[in-house]
Amino acid sequence: MKVHKYGDYDEYVREQSAANKQKLHSVWANPTELEIVSRHVEQTIPNASFGICHGVRNGWEVQWLRDRLKIDIIGTELAETATNYPHVIQWDFHNTKDEWIGHCDFIYSNAWDHSYDPETCLDKWMSCLKPTGRCFIEWSEEASSKIDRVDCFGASKDECSQLISKKFDIEKVYTIPFTWREVVKRLFQLGRVRVEWRVARRVVFVVKHRNAKDKSKP
Ligand SMILES: C[S@@+](CC[C@H](N)C(=O)[O-])C[C@H]1O[C@@H](n2cnc3c(N)ncnc32)[C@H](O)[C@@H]1O
């Protein structure tokens with residue numbers, strides 16, 4: 001597991017913001033993954049009403065999940081560009097708001113690899129969940145292989161799994177399929193946004209508190 005060391009916090013914000021502006025109209029999130037997340041939310045958290053997506057750039061996944069789940073979902077984005085997008089706030093995902101603590105049904109992020117302190121970051125995210133809540137964290141092969149000033153946290157799937165399991169339970173690990181159906185969905189997405197078209201093995205960890213309640217069971 002590797003974490004890039006920044007000179008100071010301002011440097012972190014500068015590097016992330018510069019990369020954000022370069023790729024402002026690109027989308028890494030993919031609909032197959034978001035559909036898997038949505039189904040898991042519906043099955044395990046039937047009365048979900050509030051979710052947060054962390055590190056959302058132009059907020060594409062926020063809007064997708066809002067349309068799909070029909071609940072209140074907001075996104076966080078470190079860069080000042082956040083204010084251009086509905087339901088996205090300019091916010092460092094290493095921090096929490098008082099009103100989020102214990103009030104969130106789910107958190108989704110494909111940006112954990114942008115954390116300068118992944119363990120604290122996960123602790124903060126988990127502190128926001130209701131006892132029935134789930135945190136969905138994407139890991140991709142790309143995120144494991146290299147670190148730099150932007151993708152500052154690199155870990156293998158096993159290392160991520162160990163880090164999460166230090167304090168929390170992994171309920172499930174979804175492997176995100178890359179099938180022809182997925183290619184067609186990505187092409188459809190491409191008509192509306194600039195898709196980040198890199199083929200990377202992706203998985204999603206579904207994380208819950210130890211002894212978390214499971215509402216889907218009587
Ligand atoms: C890999 S991009 C993913 C963007 C988006 N989720 C997508 O699927 O296209 C990571 C995003 O997280 C943002 N980010 C990085 N560090 C952050 C932080 N500490 N808090 C909030 N957002 C952050 C970056 O500016 C960038 O827009």
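Q: What should I know about the numbering and the model?
A: Residues are numbered from 1 along each chain as its sequence is written. The model is predicted, so local features need pLDDT of at least 70 and side-chain atom pairs count only at pLDDT 80 or more, while totals for chains, interfaces and linings use all residues.

Q: At what angle do H2 and H3 pack?
A: Helix H2 (residues 31-44) and helix H3 (residues 60-69) pack at about 45°, with axes 10 Å apart. Helices are DSSP runs of H or I with at least four residues, strands are runs of E with at least two, and both are numbered from the N terminus. Axes are lines fitted to C-alpha atoms, for helices over the stretch in contact, and angles run from 0 to 180 degrees between N-to-C directions.

Q: Which residues meet there?
A: From H2, Pro31, Leu34, Ser38 and Val41; from H3, Glu61, Trp64, Leu65, Arg68 and Leu69. Contact means C-beta atoms, placed from the backbone, within 7 Å. The contact residues divide into 6 nonpolar, 1 polar and 2 charged. Ala, Val, Leu, Ile, Met, Phe, Trp, Tyr, Cys and Pro count as nonpolar, Asp, Glu, Lys and Arg as charged, and the others, Gly among them, as polar.

Q: Switching to the sheet, what is the strand order?
A: S5-S4-S3-S6-S7-S11-S9, an open sheet of 7 strands with mixed pairing. Strands pair if DSSP finds at least two bridges between them. The edge strands are S5 (88-90) and S9 (169-175). The twist averages 20° from one strand to the next.

Q: How many bridges join S7 to S11?
A: 6, and the two strands run antiparallel. Ser140 has Arg202 in S11 as its bridge partner.

Q: Which strands does H2 touch?
A: S6 (104-109), S7, S9 and S11, with its direction at about 20° to that of S11. Helix H6 (residues 157-165) lies across S7, S9 and S11, at about 10° to S11.

Q: Which residues come nearest the ligand?
A: Asn20, Trp28, Ala29, Gly55 and Arg57, of 21 around it; near means a C-beta atom, placed from the backbone, within 6 Å.

Note on methods:
Two residues are in contact if their C-beta atoms, placed from the backbone, lie within 7 Å.
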